Amino acid sequence: MEPLTDKDLKRIKKEMERIIKRNLPLIREEVSRDEAQERIMAMNEPYKMEILDSIKEEPITIYHIGNEWWDLCAGPHVESTGKINKKAVELESVAGAYWRGDEKNAMLQRIYGTAWENEEQLKAYLHFKEEAKRRDHRRIGQDLDLFSIQEEAGGGLVFWHPKGAIVRHIIEDSWRKIHVEHGYDLLYTPHVARADLWKISGHLDFYKENMYDQMEIEDELYQLRPMNCPYHILVYKRKLHSYRDFPIRVAELGTVYRYELSGSLHGLFRVRGFTQDDAHIFCLEDQIRDEIRGVLDLTEEILLQFGFSKYEVNLSTRPEKAVGGDDIWEKATVALKDALDDKGWSYRIDEGGGAFYGPKIDLKIEDALGRKWQCSTIQVDFNLPNRFDITYVDSNSEKKRPIMIHRAVLGSLERFFGVLIEHYAGDFPLWLAPIQARVLPVTDTQFGYCNEVTGKLKANGIRAEVCHGERLPKLIRNAEKQKIPLMAVVGPKEVETQSVTVRSRFGGELGTMKIDEFISSINQAIKNRTSL
């Protein structure tokens, strides 16, 4: 059989419409696992057999379309094919895909399609998809020269280009400033550690498939870190702590490395090396509520400045299998609920959805298209304090176990940057834009003065550059394509009057300004996080 191409989609769609028109019934059948195996073997369908093996529930359910075709499926479905609105069905593309996303498996083909109740819903979806395509961070990242993933270096490893690195520095500087203001101590810790550390933490037992192979150094095994938590615990353990020391808050922009199947890698959203905005709080049981509330306030402060004000919040509670006693689980869960209630945020409770080592709060941010992105996590941990035997001395001079809280606000810088790019479609606000102003000469005669203007802008903390060598209309078009917030046009008159004519990407023509006025206006807009 020849490989399918996008040209085949029309033919396939016509056959789908024919099946819809025939109004064939969809019939559910329950069979034993043995019966399902026999049928699949008779059809010589090895991939279907793998799917059957992965189904743990019984009985096995099969759906038939008339007497012509059947497949394994949990259902439910419409009663018949005639219930499907043929005008609300669209086949979108054909793509290659490794079986189950594993590059070691065979490369197969996948047809992407979508179905809706009515034509209006389909049109709305297609419009949404087109807008999402326009905002795709991979395309914008290339067009604006923000980042790349170099195959020579390996998949899932991000290269931050100068402009992308500027945005990252802004994010990091803001993150550090806010954390220091909220009482966190900043850390830097190694990217590798002896393998024994990951045995103590339990990662080698429960997370090994996501970790890279160990390396031998001077007869000892070392491991690239997949997490930052054990390092922060070692910093805590460097000395004996009193109950008076709590809460202790430490934070780090720590780079970690996790193995991902090549088929699952996706731009900045799914990578193999990334930097987490990680923090850990060590506290007493009666401090949990206030510490969680403080994290919620810090999270909101950070997210708001990047333009994210709509959140979906979930509180996950104790699963069936868990470590820690009923009493501490109850106290921690109530503390998380109280902190959320005190904050005034609405939230959903995911009963039994917590990790085995503690309850957690997950926060998703909503972008300009209404898409929700997993971002912030606040996780109470009853496991690692025991594994690492961390203690403090209480008011009775007895050793006790502290509470440990993991938390990340942005998640990872790479993923958050990808979300930022798509949220703004690359049109970053003035304060965040890698280049805030571009100075454009009408002719090369004004080039010297343009350099003077650019120098003054840079001296006042404004990210500026000169662009020349083309006719002015093309220079303006290029600046617009690069989404530069401000253009300062310089001709003979501007040189004579020591001024610039300002054009704003968001505000249009702003007229002629003296250099000092231009600088003052930009700095005021940056301070207020507004456009010019």
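Student: Where is the place of Ser148?

Tutor: This is a predicted model, and in it Ser148 belongs to strand β6, residues 147-149.

Student: Is Ser148 buried or exposed?

Tutor: Buried means under 20% relative accessible area. Ser148 has 14% relative accessibility, so it counts as buried. Its side chain makes a polar contact of 2.8 Å with the side chain of Gln150. Beyond its neighbours within four places in sequence, Ser148 touches Leu157, Val158, Phe159 and His161.

Student: Let's turn to helices. How do α6 and α10 pack?

Tutor: Two packed helices are described by the angle between their axes and the distance between the axes. Here, α6 (residues 162-181) and α10 (residues 288-305) pack at about 155°, with axes 11 Å apart. That angle makes α6 roughly antiparallel to α10, and their crossing is right-handed.

Student: Which residues meet there?

Tutor: From α6 come Ser174, Trp175, Ile178, His179 and Glu181, which meet Leu298, Glu301, Ile302 and Gln305 of α10. The residues of this contact divide into 4 nonpolar, 3 polar and 2 charged.

Student: What should I look for in the backbone?

Tutor: Most residues other than glycine have a negative phi, and most peptide bonds are trans. In this model, the bond from Glu58 to Pro59 is cis, with Pro59 in the loop between α3 and β2. The bond from Phe246 to Pro247 is cis too, and Pro247 sits in the loop between α9 and β12.

Student: And where is Asp145, with its positive phi near 60°?

Tutor: Asp145 is in the loop between α5 and β6. At 40% relative accessibility, Asp145 counts as partly exposed.

Terms used
Residues are numbered from 1 along each chain as its sequence is written. This is a predicted model: local features need pLDDT of at least 70, side-chain atom pairs count only at pLDDT 80 or more; totals for chains, interfaces and linings use all residues. Side-chain values use heavy atoms; hydrogens and water are left out. Helices (H or I, at least four residues) and strands (E, at least two) are DSSP runs, numbered from the N terminus. Buried means under 20% relative accessible area, exposed over 50%, partly exposed in between (1.4 Å probe, protein chains only). A polar contact is a pair of N or O atoms within 3.5 Å; within protein, one must be able to donate a hydrogen and the other to accept it, and residues adjacent in sequence count only if both atoms are side-chain atoms. Contact means heavy atoms within 4.5 Å. Axes are lines fitted to C-alpha atoms, for helices over the stretch in contact, and angles run from 0 to 180 degrees between N-to-C directions. Angles under 35 degrees count as roughly parallel, over 145 as roughly antiparallel, 65 to 115 as roughly perpendicular and the rest as oblique. A crossing is left-handed if the near helix is turned anticlockwise from the far one by less than a right angle, and right-handed if clockwise. Ala, Val, Leu, Ile, Met, Phe, Trp, Tyr, Cys and Pro count as nonpolar, Asp, Glu, Lys and Arg as charged, and the others, Gly among them, as polar.
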